Amino acid sequence: MKPASFTGRRQIEGNASGEALISRRAFTFAHGVDPATGKVTDIRSDIRGHNVRGKVLFYPFGKGSTTASAWFLETFRLGNAPAAVVTESTDLSAVIGSVLAKVVYGKSVPVLSSFPEELYSRVKNGNQITVRGKAEVVLEG
C-alpha cells in the first residue's frame, strides 16, 4: 500500500513513529493502563491486554477523571508511554499528561486529533505510523 498522509489538529506537536494500536471505544489511562508495564487493564476496553508502550495509540475520545493525566505522566515516567496519541476529539487528559511530562521530564508525547474520517477508517492495528511536526500522520501501510 502506498503511504498516505493526513493532516489534523495539533494538541502537542512532535515527531514519533510506531505501530498503530487502535481502540474503537472511549479510553482512559486512569485505572485503564498499568503505568509499570504499559498494559491496558480497563475491563471495558476493546484493547485490554495490549501494551501502549511505543505504540501510536488511536482512540475516539477520552473518558474518566482528571487523574488520567497523572496516570499518563506516571506511565511516561516509567518508560511505558505510547509514542504518540491520535484521537478523534480532544482528550484533555492526554494533552495535560503530555504537557506535564514536558515540564517535569523535558520530553512530551505528541497528541493529535481531528483528522479526516478516512484515517480512522483505514488505519489497522499493526500499521506503521509516522507522526510529523505539528499535525501530520503518515500511514505507511
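I began with Val99 and found Val99 in helix 2, where helices are DSSP runs of H or I with at least four residues, strands are runs of E with at least two, and both are numbered from the N terminus. I keep in mind that this is a predicted model, in which local features need pLDDT of at least 70 and side-chain atom pairs count only at pLDDT 80 or more, while totals for chains, interfaces and linings use all residues. Residues are numbered from 1 along each chain as its sequence is written, and side-chain values use heavy atoms, with hydrogens and water left out.

**Surface patch.** I noted that Val99 is partly exposed, at 38% relative accessibility; buried means under 20% relative accessible area, exposed over 50%, and partly exposed in between, with a 1.4 Å probe and protein chains only. Together with Val103, Val104 and Tyr105, Val99 makes a nonpolar surface patch of about 360 Å². A patch takes residues with over 30% relative accessible area and no salt bridge, joining like charges within 9 Å and nonpolar side chains (Val, Leu, Ile, Met, Phe, Trp, Tyr) within 5 Å. The areas come from the Shrake-Rupley method with a 1.4 Å probe, and for residues only the protein chains shown count as cover.

**Helix 1.** I listed the buried residues of helix 1 (residues 68–77) as Ala68, Ser69, Phe72, Leu73, Thr75 and Phe76. They lie on the same side of helix 1 because they cover an arc of only 160 degrees around the axis, the arc being that of the directions from the helix axis to the C-beta atoms. These buried residues pack against strand 5 (84–87) and helix 2 (92–105), contact meaning heavy atoms within 4.5 Å. Ser69 has a relative accessible area of 6% and is therefore buried; leaving aside neighbours within four places in sequence, I find Ser69 in contact with Leu92, Ser93, Ile96 and Gly97. After helix 1 comes Gly79, with a positive phi near 80 degrees.

**Cores.** I next looked at the largest nonpolar core, in which, of 20 residues, Phe27, Phe29, Val52, Leu57, Tyr59 and Val85 touch the most other members. Strand 4 (56–59), helix 1 and helix 2 are the elements that give two or more residues to this core. Such a core is a set of buried Ala, Val, Leu, Ile, Met, Phe, Trp, Tyr and Cys residues joined through side-chain atoms within 4.5 Å. Not counting residues up to four places away in sequence, Phe29 touches Leu57, Tyr59, Ala68, Trp71, Phe72, Thr75 and Pro82. Apart from this core lies another, of 19 residues, among them Ala4, Val86, Val131 and Leu139.

**Salt bridges.** I counted six salt bridges, each being a side-chain nitrogen of Lys or Arg within 4 Å of a carboxyl oxygen of Asp or Glu. In helix 1, Arg77 pairs with Glu74, with the closest N and O atoms 2.8 Å apart; the two are three residues apart in the helix and so are separated by about one helical turn. Both are partly exposed, Arg77 at 45% and Glu74 at 29% relative accessibility. Elsewhere I found Glu13 with Arg10 at 3.0 Å, N to O, and Glu136 with Arg132 at 3.6 Å, N to O. Finally, Asp42, Arg44 and Lys63 are linked in a network of salt bridges.
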